Amino acid sequence: MLGTPRVSSPPATGAAKSPAMPAPALSRRAGLAQGQPISQLMHMALERPELISLAAGFVDQETLPVEETREAAQWLLSQPEPGRAALQYGTTAGFLPLRERVLAEWQAADGHPHALRGISADRVVLTAGSNQLLHLLADTLCDPGDIVLCAAPTYFVFIGLAANLGVRTVGVATDGEGLIPEALDEQLAAFDKSGELARVKAIYVNSFFDNPASITLSRDRRPQVVEIARRWSRRRPIFVIEDAAYRQLRYEGESFPSLLAFDDGGGTVIATQTFSKSFSPGLRVGYGILPAPLVEPLLAQKGNIDFGSPNFNQQLAWALYERGLLERHVGKLRETYRAKRDAMLKAAETHLAPLGCRWRVPRGGLYVWLTLPEGIDADIGRPLYEESLRQGVLYVPGHFCYAREGFPVQKSNIRLSFGVQPAERIAEGIAALAAALRRRLEDVPACVGRSPDGGDPALECAVEPLAPRRAK
Ligand SMILES: Cc1ncc(COP(=O)(O)O)c(C=O)c1O
């Protein structure tokens, strides 16, 4: 019957039910995809709008730059060049004037042009947000079973995308200055000893105001991390993926050069950046500055996916620079977020500090990383989480932010975002969280101070690795 067209008629009323379709035979990779844990929380926030969500790392809705976008789009479309061409397909690597521009901006921010000598726009790739780039990088560098080292805690979306590719993520200890170089060195030595060094493909670092802990890798540690990656690149290179998503959101303190600025030969650091935090996540424009040998392989992957990210959006981003709109907007964002950070810290000082919570003051970024009293498990479904929902507040349980291997998963931390909610709601949310925690402490006062193997299976006590963090 090959080639004979078959016309199906509607089933007659009362006809026997067709047999149930078997479950789709998905690829191995689809089987590995577990979705991002944050999706569940976002779903919850949508379903229950009365909840104060301190969970999502979204940017402030009120500051989304409608006027700036309109001005840039109008200007762009009125230009003889590129003008109309912005609506055409672009190249896989992306719009060249924007690639040149972001490279120049990166160099200016580093104040370190010598180290970047030799890096040209040929090594810049534009992607649909930096997340696409992180995925492409993991896919281009790693086979299933390969290893990426990352800070503990780290950006949980990266952990998820790596797992989806069968890539192992291994957590390395951090402190207030970020990734601890000695711990990184030790972990690499351990892999050398176990014969797995050749499987280590990269070290993933959030270099400015990281997600989730808002810690910035210190000035001194930057060259050390690059040096360690190079020293252990024995048979195969170990790259440093420098994710600088929050670099522009600095509210105070000194600015440091990027890790890329310390990569003299230009062969170790892959820098990634995004317009999502500094302008608009809806624009979906991110970029990477890559070591030369990685550019072609990565573009070959990307070409098969989309032969170039949205050209119009890239040209719009370029127009923002041309019209001076981006810088102006970032200035406004810094003011807004600084005030919201202060509101969160003030409320935390009032409500959470007396309950024994600790944190570091974030000098930038969007997050406060809260350490709860020892023994309180913040995971979904545990009493604190459930009580917080009853009190009307949503947070990200910290354990999402730990890689599956290496440094032990900590359950007594939560990530709070001050990005989305206005200052009054932030204060209400913190008060609600404190009410939930107070209840929890009243219910099980014995949990506080208990050792990690304290015996009560209802309490999975945390091992607190960090020096005391107290807001000044
Ligand atoms: C550390 C970090 N990197 C990358 C991203 C990805 O952002 P986008 O894909 O919007 O550029 C985010 C988003 O929250 C992030 O927090």
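## Helix α4 and the glycine after it

Glycine 111, which comes just after helix α4, takes a positive phi of about 55 degrees. Helices and strands here are DSSP runs numbered from the N terminus, a helix being H or I over at least four residues and a strand being E over at least two. The model is a predicted one, in which local features need pLDDT of at least 70 and side-chain atom pairs count only at pLDDT 80 or more, while totals for chains, interfaces and linings use all residues. Residues are numbered from 1 along each chain as its sequence is written.

Helix α4 has 15 residues and reaches 21 Å from its first C-alpha to its last, close to the 21 Å expected at 1.5 Å a residue, where the expected span is 1.5 Å times one less than the number of residues. A residue is called buried if 20 or more other C-beta atoms lie within 10 Å of its own, exposed if 12 or fewer do, and partly exposed in between, with C-beta atoms placed from the backbone. By this rule the buried residues of α4 are Leu98, Arg99, Arg101, Val102, Leu103, Trp106, Gln107 and Asp110, and what covers them includes β2 (124-127), β8, β9 and α10 (311-322). Alanine 108, also found in helix α4 (residues 96-110), is exposed because 12 or fewer is the limit for that class and alanine 108 has 10 other C-beta atoms within 10 Å. Alanine 108 and proline 257 are 149 residues apart in sequence, and their C-alpha atoms are 9.7 Å apart in space.

## Helix α13

The end C-alpha atoms of helix α13 (residues 423-443) are 30 Å apart, which agrees with the 30 Å that its 21 residues should span at 1.5 Å a residue. Its buried residues are Ile426, Gly429, Ile430, Ala432, Leu433, Ala434, Ala436, Leu437 and Arg440. What covers these buried residues includes β1 (52-53), α11 (325-351), α12 (383-391) and β11 (393-394).

## Backbone exceptions

Most residues other than glycine have a negative phi, and most peptide bonds are trans. Phenylalanine 209, however, has a phi near 45 degrees, a positive value in a residue other than glycine, and its place is in the loop between β6 and α8. Phenylalanine 209 is buried, with 25 other C-beta atoms within 10 Å. Arginine 284 also has a positive phi, of about 50 degrees, although it is not a glycine; arginine 284 sits in the loop between β8 (269-274) and β9 (286-289) and is partly exposed, with 19 other C-beta atoms within 10 Å.

A cis bond joins alanine 152 and proline 153, with omega about 10 degrees, and proline 153 is found in the loop between β3 (147-152) and α6 (156-164). The bond from asparagine 211 to proline 212 is cis as well, with omega near 25 degrees, and proline 212 lies in the loop between β6 (200-206) and α8 (221-231).

## The nonpolar core and the whole chain

In soluble globular proteins, nonpolar side chains tend to be buried together. A nonpolar core is taken here as a set of buried Ala, Val, Leu, Ile, Met, Phe, Trp, Tyr and Cys residues joined through C-beta atoms within 7 Å. The largest such core has 128 residues, and those with the most contacts inside it are Val148, Ile203, Val205, Val225 and Val240. This core draws at least three residues from each of domain 1 (37-63 + 328-447) and domain 2 (85-323), the bounds of which come from an automatic or database domain assignment.

Two residues are in contact if their C-beta atoms, placed from the backbone, lie within 7 Å. Not counting residues up to four places away in sequence, valine 205 touches Ala151, Leu179, Leu217, Val225, Val240, Ile241, Glu242, Asp243 and Leu259. The protein as a whole has 13 helices and 14 strands, and of its 472 residues, 47% count as buried. Of its contacts with a separation of 6 or more, 77% join residues 24 or more positions apart.

## The shell around the ligand

The ligand is surrounded by 13 residues, the closest being Gly129, Ser130, Asn131, Thr274 and Ser276; a residue is near a molecule if its C-beta atom, placed from the backbone, lies within 6 Å of it. Helix α5 (residues 129-141) gives the largest share of this shell, 3 residues.
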